[in-house]
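Colleague: I would like to learn how to read the features of a model like this one. Could you take me through them in turn?

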Amino acid sequence: MLALLIGLLVPLSVHAATAVWLLPASAALTLLAPCRHPGARALAAYGLGIIVCGVMVAHAMERRLPDTRSGETFMLTARVISLPRVGPSRQRFVVVPQQIDPSLPRLPRRIRLSWYGDSATVRAGETWRFEARLRRPRGFMNPVRFDYERWLASEHVDATGYVRTGERLAPANGLAGWRGGIAEHLAARAGRGDGAAVARALLVGDRRGFSDALWRDLRRVGITHLVAISGLHIGLVAGLSGWAGGLGWRCLPAAVARVPTLVAGSLIGVIAGAVYAALAGFSLPTLRALVMAVVVAVALATRRRPGRTRGLVLAGLSVLALDPWACLAPGFWLSFAAVTVIVFGWRGGASRLANTVRVQWLIGVLLAPVLLVWFGGFSWLGVPVNLIAVPLATVVVPGVFLAAVTDALWPVTDALARASGALDHALAGVSWLAGNAGLVMPGPRPAWVWPVVGVAAVLCVLPRGFPGRWLALPLCALGLLAPAPRPAALEITFLEVGQGAATVVRAGDRVMVYDTGPSWGGGGSAAQFTLIPFLREHGIARVDRLVVSHGDRDHAGGLAALQRALPVAELTSGEPGETGGRPCRAGERWRWGEVTFRVLAPVHSGRSGNAASCVLMIRAGRFRVLLTGDLPAAGEKRLLARLEHPVDVLQVAHHGSDSSTTPEFLRVARPDVAVISAGHDNAYGLPSPVVVRRLRCADARVVSLAQWGALTVQWRTDRDISMEQVRRARLRLYHDRLSGVQAAGQNRYDSRRSRTGRYKEGDFTCGSSLKPVAG
């Protein structure tokens with residue numbers, strides 16, 4: 001069974017190129033099934049797991065919106081299944097389509113929609129007819145841990161889009177309508193504040209009322225798992241209900257004669273757990289927990305108690321057989337890691353208090369590497385706080401349920417509001433603790449650290465007397481205290497932020513940010529989801545210099561968010577009147593270690609818009625990078641006299657618009673690599689085919705961030721220059737495939753590549769007017 005479980009995990013965990021050849025290879029492994037040797041049978045089970053998962057994934061991927069139809073407007077009839085999130089001038093919700101364009105080969109499983117403006121209020125359980133523009137699931141691909149496409153895949157979302165018009169066809173009904181009605185009733189009765197938000201989260205999984213400050217405090221003390229309905233809550237409700245149901249069943253002798261008390265109690269517990277999962281909308285974490293509860297209940301009812309390892313493997317197989325996408329969510333790994341600790345860490349003969357302390361300590365130790373891998377940090381307060389918080393949860397959850405029932409039967413008691421007030425007092429203590437502690441975020445670590453820390457955590461769980469168990473502490477210390485990888489002398493990361501630009505330049509321990517990405521309607525910005533997480537996850541606590549090329553929203557949209565998140569030592573801008581800071585002027589220079597920075601434009605102050613773009617040349621040895629903002633053709637012409645040498649990497653101006661990147665400019669700049677930052681399938685049609693043709697005729701390797709994801713360039717010496725494209729490195733079966741500009745391009749910088757010669761592609765030939773000057 002263990003080999004089958006591992007096989008089910010493999011297809012979604014390995015690189016897409018590896019998964020493609022693994023699938024046919026596994027068919028050969030299944031031929032070993034008739035063999036009697038245990039190893040051969042294990043290999044056959046492993047191959048069967050890969051095939052089963054591969055087939056299920058392929059079937060699900062076929063239901064995605066076809067690439068050729070992405071961006072089209074559809075009329076669809078759909079039912080709202082999520083609690084809509086309402087923000088300033090925006091609603092966001094998930095629907096299950098019932099009818100859509102019949103020319104689509106498959107009906108998408110779920111669609112995530114946004115509705116902007118002062119639209120009609122959407123409620124869970126309602127049926128609507130929408131006119132919506134839909135796209136294939138796709139997100140930014142950056143060197144940060146959160147992967148939007150992976151999250152969409154784990155939530156079974158096969159298309160995203162925004163609503164243009166909508167018409168309500170039927171009122172709220174069914175499970176989603178019932179849950180939405182309860183959520184609205186609780187919101188009215190529980191009052192306002194963080195305590196009321198936590199009460200709604202515990203009752204129906206409604207976390208829409210959580211403030212950013214509350215999330216931050218819960219993360220810092222390590223108790224976010226207590227406010228999300230998951231294994232702990234389902235297990236608690238099922239266990240208490242089963243115990244209480246068993247006590248009541250014993251009072252019915254005639255019933256006990258027909259159905260044993262243990263069977264009845266197990267069935268009652270599973271039913272209670274299923275009702276609680278329904279209150280949470282049968283979210284994927286609750287479904288996983290419910291499956292595990294059913295496995296335990298069946299084992300108890302049949303009086304068959306499988307070994308600890310066999311029981312865990314059986315639970316894992318049950319979850320993945322129903323939903324192979326479950327392994328993409330951190331909750332899957334956190335849940336099984338916690339259950340593993342409880343199963344193997346509980347010692348018979350020890351007191352309940354001693355076992356509770358031991359299990360909580362081991363959970364904190366074992367989950368630390370899991371939290372580091374998935375979230376980049378963990379709370380050092382997690383273990384002592386959970387020693388108090390988890391037992392309290394066994395009282396708080398039933399207490400909140402009792403308060404809600406009492407409030408529904410006797411509204412004059414205001415029981416739910418009183419319970420919310422009590423939670424407010426408890427959360428005040430959490431806030432105080434959070435203000436005096438922080439997350440342990442060690443930043444980037446060598447690749448060998450995570451296996452070492454994982455082995456140390458497993459050794460902690462093993463029984464006393466196991467050989468080598470004493471190595472747990474030194475291995476853990478070795479992993480956590482390992483020095484960070486030696487930084488490159490120059491590292492430049494061009495982040496994918498959609499229709500905008502944001503670049504992070506690191507020279508040793510100094511950091512410069514060039515542009516902050518776009519802002520969007522409703523107050524959001526790409527900096528909140530891309531730039532700031534990138535800086536934090538790479539251990540950057542301070543920006544030494546922030547350069548905003550000019551004041552347009554697609555370049556300066558994340559400025560305020562970045563300044564709130566991290567201290568900025570110095571701000572320079574092409575339009576200081578729009579962004580603040582001091583003006584950017586040609587001729588300014590500074591040096592950080594081996595790296596020299598030189599401002600090339602604007603020459604004259606007082607310019608506005610794209611013409612004010614602050615142009616920056618970065619030089620390390622003979623390696624040169626040119627950052628151009630939105631510099632127009634006229635600005636490029638004035639820049640030619642100051643370009644003393646060709647550049648290795650060019651950030652293409654104005655996102656690849658044909659108003660920039662002229663043939664005359666390219667004849668002088670002669671870039672080896674041209675980086676285009678434009679939104680995927682954007683409304684402006686960028687990059688312009690004319691510009692792409694010019695760049696290719698200039699013998700430049702074109703890298704579009706919208707297709708390749710973020711690009712990281714590292715310079716150590718003139719002979720050691722490397723590049724990494726995030727989408728190529730991280731590509732999995734559930735990611736959108738590469739297409740468009742140079743989809744089959746190279747991934748390695750080649751300083752020996754010739755700059756001369758005619759370039760032919762497709763239906764055009766580069767003429768002499770675009771031919772680069774021989775170097």
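**Reading the model**

Colleague: Is Leu267 buried or exposed?

Modeller: Leu267 is exposed, because its relative accessible area is 53%. The classes are buried (under 20% relative accessible area), exposed (over 50%) and partly exposed in between, with a 1.4 Å probe and protein chains only. Leu267 is found in helix H10. Helices (H or I, at least four residues) and strands (E, at least two) are DSSP runs, numbered from the N terminus.

Colleague: What are the ground rules for this model?

Modeller: This is a predicted model, in which local features need pLDDT of at least 70, side-chain atom pairs count only at pLDDT 80 or more, and totals for chains, interfaces and linings use all residues. Residues are numbered from 1 along each chain as its sequence is written, and side-chain values use heavy atoms, with hydrogens and water left out.

Colleague: Which residues make the nonpolar surface patch?

Modeller: First the rule. Patches are made of residues with over 30% relative accessible area and no salt bridge; like charges are joined within 9 Å, and nonpolar side chains (Val, Leu, Ile, Met, Phe, Trp, Tyr) within 5 Å. Accessible areas come from the Shrake-Rupley method with a 1.4 Å probe, and for residues only the protein chains shown count as cover. Here Leu175, Trp178, Leu267, Ile271 and Val275 make a nonpolar patch of about 460 Å². Helix H5 (174–190) and helix H10 (261–279) are the elements that give two or more residues to the patch. H10 gives the most, with 3 residues.

Colleague: How many cavities does the structure hold?

Modeller: The general idea is simple. Rolling a probe the size of a water molecule over the atoms shows where empty space is left. On a 1 Å grid over the protein atoms alone, a cavity is a set of points where a 1.4 Å probe fits but cannot get out; lining residues have an atom within 4 Å of a point. Grid points are joined across faces, edges and corners, and a volume is the space filled by probe spheres set on the points. This structure holds 7 cavities of 30 Å³ or more.

Colleague: Which residues line the largest cavity?

Modeller: Its lining is Ala601, Pro602, Val603, Arg607, Ala611, Leu631, Gly635, Arg638 and Arg642. They divide into 5 nonpolar, 1 polar and 3 charged. In this count Ala, Val, Leu, Ile, Met, Phe, Trp, Tyr, Cys and Pro are nonpolar, Asp, Glu, Lys and Arg are charged, and the others, Gly among them, are polar. Ala611 sits in the loop between strand S16 (595–601) and strand S17 (615–620). Ala611 counts as partly exposed, because its relative accessibility is 25%. Pro602 also belongs to the loop between S16 and S17. A cis peptide bond joins Ala601 and Pro602, with omega about 5 degrees.

Colleague: Where is Pro687?

Modeller: Pro687 lies in the loop between S20 and H25. A cis peptide bond joins Leu686 to Pro687, and omega is about 0 degrees.

Colleague: How many salt bridges does a search of the whole structure find?

Modeller: The search finds 25. A salt bridge is a side-chain nitrogen of Lys or Arg within 4 Å of a carboxyl oxygen of Asp or Glu. Take Asp158 and Arg109, whose side chains meet at 2.9 Å, N to O. This pair links distant parts of the chain, with Asp158 in strand S6 (residues 157–170) and Arg109 in the loop between strand S3 (90–99) and strand S4 (110–116), 49 residues apart. Asp158 is buried at 0% relative accessibility. Arg109 is buried at 18%.

Colleague: Why does the bridge between Asp681 and Arg135 tie together parts that are 546 residues apart in sequence?

Modeller: The closest N and O atoms of Asp681 and Arg135 are 2.9 Å apart. Asp681 is in the loop between strand S20 (673–676) and helix H25 (689–697), and Arg135 is in strand S5 (residues 127–135), so the pair ties together parts 546 residues apart in sequence.

Colleague: Which residues are linked in a network of salt bridges?

Modeller: Arg545, Glu570, Arg582 and Glu588 are linked in that way. Arg545 is buried, with a relative accessible area of 8%, whereas Glu570 is partly exposed, with 26%.

Technical notes. On a 1 Å grid over the protein atoms alone, a cavity is a set of points where a 1.4 Å probe fits but cannot get out, and a pocket is an open set with protein on both sides within 12 Å along at least five of seven lines; lining residues have an atom within 4 Å of a point.
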